[in-house]
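Work through the exercises below with the model open. Each task is followed by a solution in steps.

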Amino acid sequence: NARGVRDGRHPLRETLDVVEREIRRISRQLRDFVTFSRRKRSVGRYTDLNGVVHDVVTLLAYNPSARGCDIQTRLSRDLPPVRAEEDLVVQILLNLCINALDAMIDGGTLTIVTGATEGWVTIRVEDSGPGIAEGLRERIFDALWSTKPPGQGTGLGLFMGRKIADTLGGELVLVRTDGTGTIF
């Protein structure tokens, strides 16, 4: 293999493939956003969540907030596929990761972990940021509420993420937040 080529594919080609898929995903999301509140439970087709994580990490590498941050994954090798709309899972995961990167102003570690326990397939997004202040925690899933300065956040990310997770038959929860980081 030529230097930088992995499994017969050049890294730039792989990145361009991911970007192309994301452009198609964003187009579909814009169409779906208008009718989101009327969606019924969405099961989609079988989705490889480890593949979704790989695509999201590829995209995050180009996010300016990722500078100075170490992005790691711990992916379960025996993760079963789930019935879900891949685009919607990507939307939730990208939002959580971008929020985490934005919170780690001075750098840190973002870790995405997949697993399966007690009948659930999970994706955990963990960061080493400052955590969410105690007085703000009860509002983070409220619509149009954001901790980000005006012009930098809409206040819809976590609200929509929770609604989407519910639509997919799952849930988006704040697992832990303190001075050592946050886990969703």
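**Exercise 1.** Determine the hand of the crossing of α3 and α4, and describe the contact between these helices.

Step 1. The crossing of α3 and α4 is left-handed, a term used if the near helix is turned anticlockwise from the far one by less than a right angle, with clockwise giving right-handed.
Step 2. Helix α3 covers residues 86-103, and α4 covers residues 157-167; helices (H or I, at least four residues) and strands (E, at least two) are DSSP runs, numbered from the N terminus.
Step 3. The two helices pack at about 145°, and 9 Å separates their axes. Axes are lines fitted to C-alpha atoms, for helices over the stretch in contact, and angles run from 0 to 180 degrees between N-to-C directions.
Step 4. On the α3 side the contact (heavy atoms within 4.5 Å) uses Leu-88, Gln-91, Ile-92, Asn-95, Leu-96 and Asn-99. Gly-157, Leu-158, Met-160, Gly-161, Ile-164 and Ala-165 come from α4.
Step 5. Of these contact residues, seven are nonpolar, five polar and none charged. Ala, Val, Leu, Ile, Met, Phe, Trp, Tyr, Cys and Pro count as nonpolar, Asp, Glu, Lys and Arg as charged, and the others, Gly among them, as polar.

This is a predicted model, in which local features need pLDDT of at least 70 and side-chain atom pairs count only at pLDDT 80 or more, while totals for chains, interfaces and linings use all residues. Residues are numbered from 1 along each chain as its sequence is written, and side-chain values use heavy atoms, with hydrogens and water left out.

**Exercise 2.** In what order do the five strands form the open sheet, and which strands stand at the edges?

Step 1. The order is β2-β4-β5-β7-β6, with mixed pairing; two strands pair if DSSP finds at least two bridges between them.
Step 2. The edges are β2 (69-74) and β6 (176-178); each has a single partner strand, so one side of each lacks a neighbour in the sheet.
Step 3. Direction ignored, neighbouring strands are turned by 10° against each other on average.
Step 4. Helix α2 (residues 49-60) packs on this sheet, touching β2, β4 and β5, and its direction makes about 170° with that of β4. Helix α3 lies across β2, β4 and β5 as well, at about 20° to β5.
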